[in-house]
Amino acid sequence: DKNNIGLSVVRAIGEFEGGRLRYWPTDPGHRELRNVRLLEESEAISLDVRGSSVVVDSTRAHEVEPFSGKRYSLVYFTVPGFEECPEDL
């Protein structure tokens, strides 16, 4: 995730149980917090990304909850230098 500079669109597909996206919206982001284990579990939200897309600021702490089965993640994210890409691309 180190090349991710902003918003991400996340969706999971497949035959699986569990696998929600845990996200800390109050994390200061941009790796300001040296140890994400210091984040309070109670400050996280659990997002259902199975078959529906969610948008998160992926510079903030996030992780996939345990799951069983086959789970595939589709993640669209913003990379550094995107603004230099030609508009006709």
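Analyst: A charge is placed at NZ of Lys, CZ of Arg, CG of Asp or CD of Glu. By that count the protein chain has 11 positive and 16 negative side chains, and the centres of the two sets lie 7 Å apart. The model is a predicted one, in which local features need pLDDT of at least 70 and side-chain atom pairs pLDDT 80 or more, whereas totals for chains, interfaces and linings use all residues. Residues are numbered from 1 along each chain as its sequence is written, and side-chain values use heavy atoms, without hydrogens or water.

User: What makes up the secondary structure of the protein chain?

Analyst: Helices are DSSP runs of H or I with at least four residues, and strands are runs of E with at least two, numbered from the N terminus. On these terms the protein chain has 0 helices and 8 strands, giving the pattern β-β-β-β-β-β-β-β along the sequence.

User: Why is Phe 16 called buried?

Analyst: Buried means under 20% relative accessible area, exposed means over 50%, and partly exposed lies in between (1.4 Å probe, protein chains only). Phe 16 has 3% relative accessibility and therefore counts as buried. Buried residues make up 28% of the 89 residues in the protein chain.

User: What makes the largest nonpolar core a core, and which residues belong to it?

Analyst: A nonpolar core is a set of buried Ala, Val, Leu, Ile, Met, Phe, Trp, Tyr and Cys residues joined through side-chain atoms within 4.5 Å. The largest has 9 residues: Val 10, Ala 12, Phe 16, Leu 21, Tyr 23, Leu 47, Val 49, Val 54 and Val 56. Strand 1 (7–13), strand 3 (21–23) and strand 5 (54–57) are the elements giving two or more residues to this core.

User: Which residues does Tyr 23 touch, not counting residues up to four places away in sequence?

Analyst: Contact means heavy atoms within 4.5 Å. Tyr 23 touches Glu 43, Ala 44, Ile 45, Leu 47, Val 56, Asp 57, Arg 60, Ala 61 and His 62.

User: Why do Phe 16 and Phe 67 form an aromatic pair, and which kind is it?

Analyst: Rings of Phe, Tyr and Trp (its six-membered ring) pair if their centres lie within 6.5 Å; planes under 30 degrees apart count as stacked, over 60 as edge-to-face, and the rest as tilted. The structure holds 1 aromatic pair. Phe 16 and Phe 67 lie 6.5 Å apart, centre to centre, with 75° between the planes, so the pair is edge-to-face. It links Phe 16 in strand 2 (residues 16–18) with Phe 67 in strand 7 (residues 67–69), 51 residues apart.

User: Why is Phe 67 called partly exposed?

Analyst: Phe 67 has 41% relative accessibility and so counts as partly exposed.

User: What makes Val 55 an exposed residue?

Analyst: Val 55, found in strand 5, has a relative accessible area of 56% and is therefore exposed. Leaving aside neighbours within four places in sequence, Val 55 is in contact with Leu 7, Ser 8 and Val 9.

User: Where is Gly 51 found, and with which residues is it in contact?

Analyst: Gly 51 is found in the loop between strand 4 (45–47) and strand 5. Its contacts, apart from neighbours within four places in sequence, are Arg 11 and Ala 12. Gly 51 and Ile 13 are 38 residues apart in sequence and 5.8 Å apart in space, C-alpha to C-alpha.

Technical notes: Lys, Arg positive; Asp, Glu negative; His and termini not counted.
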